[in-house]
Amino acid sequence: MKKVNKFKLLAAGLLIGVAFWLLGSDFFTFMIWWEILWILGLVFMPITAQIFKGFDDNGWMYSKVIAIVICGYGVWILTSIKVVHFTTLSSVVITTLCGGSSIAYGIYGK
């Protein structure tokens with residue numbers, strides 16, 4: 001193994017240890033939240049890449065923000081006009097539909 005890889009593994013382990021020490025019992029909840037946000041960023045990457053064509057990374061940092069904005073706005077607007085009730089299930093369904101639309105755009109929209 002290269003020296004750089006060992007350093008990166010040590011740094012990652014140290015960060016995880018410090019996060020576990022700081023967050024305590026909330027560590028696993030935080031990790032689940034972070035992983036879901038990372039997955040949403042991946043799912044919404046086709047839309048983000050279209051918007052930020054000129055960027056070197058196609059707007060990877062913005063894909064998470066766009067995912068939260070689109071899904072959050074969808075839940076808010078459908079709840080406001082009383083199409084759905086604000087529940088966990090409705091939020092998951094709307095987020096899944098928005099994500100599916102982004103994936104479909106990535107496959108068929110080009």
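## How H2 and H4 cross

Let's start with a helix pair: the axes of H2 and H4 come within 8 Å of each other and cross at roughly 100°. Angles from 65 to 115 degrees count as roughly perpendicular, and H2 and H4 are therefore roughly perpendicular to each other. Keep in mind that this is a predicted model.

On the H2 side, the residues that meet H4 are Leu37, Trp38, Leu40, Gly41 and Leu42. Their partners in H4 are Trp60, Ser63, Lys64, Ala67 and Ile68. Sorted by class, this contact has seven nonpolar, two polar and one charged residues.

## The largest nonpolar core

Two residues of that contact, Leu40 and Ala67, turn up again in the largest nonpolar core. This core has eight residues: Leu40, Val43, Phe44, Ala67, Cys71, Val75, Ile94 and Cys98.

Leaving aside residues up to four places away in sequence, Ala67 touches Leu40 and Phe44.

## A phenylalanine cluster

The whole structure holds eight aromatic pairs. In one of them, Phe20 and Phe27 sit edge-to-face, 5.3 Å centre to centre with 80° between the planes. The ring centres of Phe20 and Phe28 are 6.1 Å apart and their planes lie at 65°, so this pair is edge-to-face too. Together, Phe20, Phe27 and Phe28 form one aromatic cluster.

How values were computed. Residues are numbered from 1 along each chain as its sequence is written. This is a predicted model: local features need pLDDT of at least 70, side-chain atom pairs count only at pLDDT 80 or more; totals for chains, interfaces and linings use all residues. Side-chain values use heavy atoms; hydrogens and water are left out. A nonpolar core is a set of buried Ala, Val, Leu, Ile, Met, Phe, Trp, Tyr and Cys residues joined through side-chain atoms within 4.5 Å. Buried means under 20% relative accessible area, exposed over 50%, partly exposed in between (1.4 Å probe, protein chains only). Contact means heavy atoms within 4.5 Å. Axes are lines fitted to C-alpha atoms, for helices over the stretch in contact, and angles run from 0 to 180 degrees between N-to-C directions. Helices (H or I, at least four residues) and strands (E, at least two) are DSSP runs, numbered from the N terminus. Angles under 35 degrees count as roughly parallel, over 145 as roughly antiparallel, 65 to 115 as roughly perpendicular and the rest as oblique. Ala, Val, Leu, Ile, Met, Phe, Trp, Tyr, Cys and Pro count as nonpolar, Asp, Glu, Lys and Arg as charged, and the others, Gly among them, as polar. Rings of Phe, Tyr and Trp (its six-membered ring) pair if their centres lie within 6.5 Å; planes under 30 degrees apart count as stacked, over 60 as edge-to-face and the rest as tilted.
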